[in-house]
Amino acid sequence: DGATAAKYRADSDLASDDHYAQSDYTVTSDTTHEVNIGTRKNSTATLTYYFAEYRLNLDRQRLRKSVGGTRTDLATKTTTPLGVSATIKQDVNGSTLKQYYNGTEEQSVTDTSITGNLRTVYDQAPAAGAAAGAIALDNFEAADLAAAITAGEIMAAATPYYDGGPFQAPM
């Protein structure tokens with residue numbers, strides 16, 4: 001309902017522990033929220049995973065890990081004001097974790113504490129007294145990095161048909 005802390009994890013495994021999770025959020029009535037998106041979650045209720053935290057009222061972004069429920073900061077960035085609507089993403093590839101905000105990489109760090117876990121997670125936690133429906137998470141997606149391909153990679157792999165020479169209309 002946006003006024004209660006909620007945590008969701010995927011119920012199926014990805015093929016690799018090198019993967020990403022992404023979601024949109026929209027704040028509807030107040031900005032005293034924390035929104036998180038995470039990777040390398042295990043398949044149990046144990047709170048072990050990496051996550052990107054977006055603390056809206058403090059304009060702060062953090063890359064963090066939770067091992068057995070104990071949270072540790074890996075990187076922190078105070079940024080320009082976080083918007084009331086955005087796309088957030090966190091990915092992990094080998095020992096490198098990255099945090100994105102509206103498609104822009106915000107920070108990167110290396111850590112080797114969590115390996116082998118194949119699920120993703122997202123959550124939101126409102127401040128005390130937040131109104132019901134104060135935040136909405138939508139368009140959640142997760143995928144293996146090896147399966148993801150960007151438009152730039154497609155273009156780099158494409159064989160050009162036109163070589164840049166003078167164009168001549170057929171006669």
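Predicted model: local features only at pLDDT ≥ 70, side-chain atom pairs only at ≥ 80, totals over all residues.
## Lys-98 and its partner

Lys-98 is partly exposed, with a relative accessible area of 26%, where buried means under 20% relative accessible area, exposed means over 50%, and partly exposed lies in between (1.4 Å probe, protein chains only). The side chain of Lys-98 meets that of Glu-105 in a salt bridge with an N to O distance of 3.8 Å, a salt bridge being a side-chain nitrogen of Lys or Arg within 4 Å of a carboxyl oxygen of Asp or Glu. Glu-105 also counts as partly exposed, at 39% relative accessibility.

Residues are numbered from 1 along each chain as its sequence is written, and side-chain values use heavy atoms, with hydrogens and water left out.

## Other salt bridges

By the salt-bridge rule, the count comes to 13. One of them joins Glu-53 and Arg-60, whose closest N and O atoms are 3.5 Å apart, and both of these residues are buried. Through salt bridges that share partners, Glu-53 and Arg-60 belong to one network together with Arg-62, Arg-64 and Asp-73.

Asp-18 and Arg-40 also meet through their side chains in a salt bridge, at 3.0 Å from N to O. This pair links distant parts of the chain, 22 residues apart, since Asp-18 lies in the loop between strand 1 (6-9) and strand 2, whereas Arg-40 lies in strand 3 (residues 33-41). Asp-18 is partly exposed, with a relative accessible area of 21%, whereas Arg-40 counts as buried at 2% relative accessibility.

## The open sheet

Strands of a sheet pair through backbone hydrogen bonds, either parallel or antiparallel. In this model, 5 strands form an open sheet in the order 9-8-7-2-11, with antiparallel pairing; strands are DSSP runs (E, at least two residues) numbered from the N terminus, and two strands pair if DSSP finds at least two bridges between them. The edge strands, each pairing on one side only, are strand 9 (104-110) and strand 11 (135-144). Neighbouring strands of this sheet are turned by 15° against each other on average, direction ignored, where the axes are lines fitted to C-alpha atoms and angles run from 0 to 180 degrees between N-to-C directions.

Strand 2 (residues 19-27) and strand 11 run antiparallel and are joined by 8 bridges. Within this pairing, Thr-26 has Ala-136 of strand 11 as its bridge partner.

Technical notes
Helix = DSSP H or I, 4+ residues; strand = E, 2+ residues; numbered from the N terminus.
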